[in-house]
Amino acid sequence: MEELLGDNTKFKLVDNDPTITNEDQLIRLLSRLKKDNFITEAEYKVAKPSGSRLARLYGLPKLHKENCPLRPVMSAIKTVNYGLGKMLTSRLSHLRQSQYVIKDSSDFVTKLTNTKNVDKLMIYFDVVSLFTNVPLTFTIDYILDQLYPVCSTSCLQLSKSKQCVDCKRRIDFQTLLEIATSKTHFSFNNKIYVQHDGVAMGAPLAPIIADIFMAYLETTLMDELISLGVCEWHRYVDDTFVFINPNANVNDILSVLNGFHPSMKFTYKVEKDNELEFLEVKVIRIPERHTFETTIYRKPTFTGLSTNWNSYVPIEYKKSSITSMIDRALRICSTYQLLSTEFNEIRKIAKLNDYPTSMVDTRALTRPLGLPACL
């Protein structure tokens, strides 16, 4: 973590805790914006901080990746800009929408069911540490251009009293975005830092900022990517499942993606033996039937650990841990054979955590079975 925080392009060590000063300044700003009718009374109540504390940073190891890199996660509840981030989320949510975004694994399975690209090559693209590396200033400028385009008279160069209403609002909204992102202070190991570039997982605006940047990347590059052989593109945050022409050059596509912004780096994985994993789904091509089969995918680091049946936890929580796995199997497994295999896997996991086999079978029988995902 110390090595990660030593990156001066992302983090800066500060000498004092600015929480009280920042809270007072934000309340004054919000009061003025409410008086100017730039924000509503409801937005003011959501964004106004009270009794704020420093955010706290910790790292979660990515055990499935080489050298176990850390994923920085911020505990941001009750921080100065936590409410502001929630308020801005509602104003920015429309900018993250993209025709290439999938909602979840069930939506992905539905897309596969309807695809006409069964004979195309499957590729998985991933952004290296998207949240940490998302170019914050670049993305904020893009957001401002979408919401408050620069006026024809360019009065942004004038004093504020002489600026038009739109330019004033652009500057005010920019200030709010900067407070909610690049002015986030946090503590780690009894030291106080500020993250002035990128965003931290756990901050309310982090997924919005990341999604907006990725949606802009897709809009900008898609025509060029299609010309290089991309046939279908499905993204969930920073994970992307792509169909490309078998004769397309993957490195050319990777070069275009990595050339979009210097802070972004993509990696990729090509299908092997007609199989490729994406999210929690293993996609299996069946060439002779010209279709795909899907089943549950678990990473090699999966241990089977779950809430133990004998633990001091409400029984409904224990039952739900099994029910959720059963529901997921019903949504994703595309054939009865794959579904049966997955049910056996769930029984093994349940037994490992001391669950009665009869309880597991009962939960399975009470679920609305219907047909497996792709039948």
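Student: Hi! Which residues form one aromatic cluster together with Tyr124?
Tutor: Hi! In this predicted model, Phe108, Tyr124, Phe241, Phe243, Phe278 and Phe292 make up one aromatic cluster.

Student: How do Phe241 and Phe243 sit as an aromatic pair?
Tutor: Phe241 and Phe243 are edge-to-face, with 80° between the planes and 5.3 Å from centre to centre.

Student: And are Phe241 and Phe243 buried or exposed?
Tutor: Phe241 is buried, and Phe243 is buried too.

Student: How many aromatic pairs are there?
Tutor: The count comes to 20 aromatic pairs.

Student: Okay, what about charges: which residue lies over the face of Phe38?
Tutor: That is Arg91, at 5.0 Å from the ring centre of Phe38. There is also Arg298, which lies over the face of Phe302 at 5.5 Å from the ring centre.

Student: Let me step back. How many helices and strands are in the chain?
Tutor: The chain has 13 helices and 12 strands. Its C-alpha trace spans about 70 × 55 × 40 Å along the principal axes.

Student: What percentage of the residues in the chain is buried?
Tutor: Of the 375 residues in the chain, 46% are buried.

Student: Which domains does the lining of the largest pocket draw on?
Tutor: At least three of its residues come from each of domain 1 (1-95 + 134-203) and domain 2 (113-126 + 210-278).

Student: And what is the lining of the largest pocket like by class?
Tutor: The lining of the largest pocket has 22 nonpolar, 15 charged and six polar residues.

Student: What volume does the second largest pocket have?
Tutor: The second largest pocket has about 240 Å³. There are 16 residues in its lining, and Asn22, Val80, Ile179, Lys183 and His185 lie nearest the centre.

Student: Where does the largest share of that lining come from?
Tutor: From H2, with four residues of the lining of the second largest pocket. Helix H2 (19-35), helix H8 (165-180) and strand E5 (184-188) each supply at least two residues there.

Student: How do the classes divide in the lining of the second largest pocket?
Tutor: There, eight residues are polar, six are nonpolar and two are charged.

Student: How many cavities of 30 Å³ or more does the structure hold?
Tutor: Three. The largest cavity has about 80 Å³ of space.

Student: Which residues line the largest cavity?
Tutor: Met74, Ala180, Thr181, Thr184, Gln195, Gly198, Val199, Ala200, Ala203, Leu205 and Ala206. By class, seven residues of the lining of the largest cavity are nonpolar, four are polar and none is charged.

Student: How does anyone find empty space in a model?
Tutor: A probe the size of a water molecule is rolled over the atoms, and this shows where empty space is left.

Student: Switching to the backbone: what is the phi of Cys68?
Tutor: Cys68 has a positive phi of about 50°, although it is not a glycine. Cys68 is placed in the loop between strand E2 (55-61) and E3.

Student: Why does Cys68 count as partly exposed?
Tutor: Because its relative accessible area is 36%, and partly exposed covers the range between under 20% for buried and over 50% for exposed.

Student: What about Asn274, where is that found?
Tutor: Asn274 is found in the loop between E9 and E10. Asn274 has a positive phi of about 65° and is not a glycine. At 29% relative accessibility, Asn274 counts as partly exposed.

Student: And Asp273, where does that lie?
Tutor: Asp273 lies in the loop between E9 and E10. Its relative accessibility is 66%, so Asp273 counts as exposed.

Student: How far apart are Asp273 and Ile284?
Tutor: Asp273 and Ile284 are 11 residues apart in sequence, and 8.6 Å apart in space from C-alpha to C-alpha.

Methods. Residues are numbered from 1 along each chain as its sequence is written. This is a predicted model: local features need pLDDT of at least 70, side-chain atom pairs count only at pLDDT 80 or more; totals for chains, interfaces and linings use all residues. Side-chain values use heavy atoms; hydrogens and water are left out. Ala, Val, Leu, Ile, Met, Phe, Trp, Tyr, Cys and Pro count as nonpolar, Asp, Glu, Lys and Arg as charged, and the others, Gly among them, as polar. Domain bounds come from an automatic or database domain assignment. On a 1 Å grid over the protein atoms alone, a cavity is a set of points where a 1.4 Å probe fits but cannot get out, and a pocket is an open set with protein on both sides within 12 Å along at least five of seven lines; lining residues have an atom within 4 Å of a point. Grid points are joined across faces, edges and corners, and a volume is the space filled by probe spheres set on the points. Rings of Phe, Tyr and Trp (its six-membered ring) pair if their centres lie within 6.5 Å; planes under 30 degrees apart count as stacked, over 60 as edge-to-face and the rest as tilted. Buried means under 20% relative accessible area, exposed over 50%, partly exposed in between (1.4 Å probe, protein chains only). A charge sits over a ring if NZ of Lys or CZ of Arg is within 6 Å of the ring centre and within 35 degrees of the ring normal.
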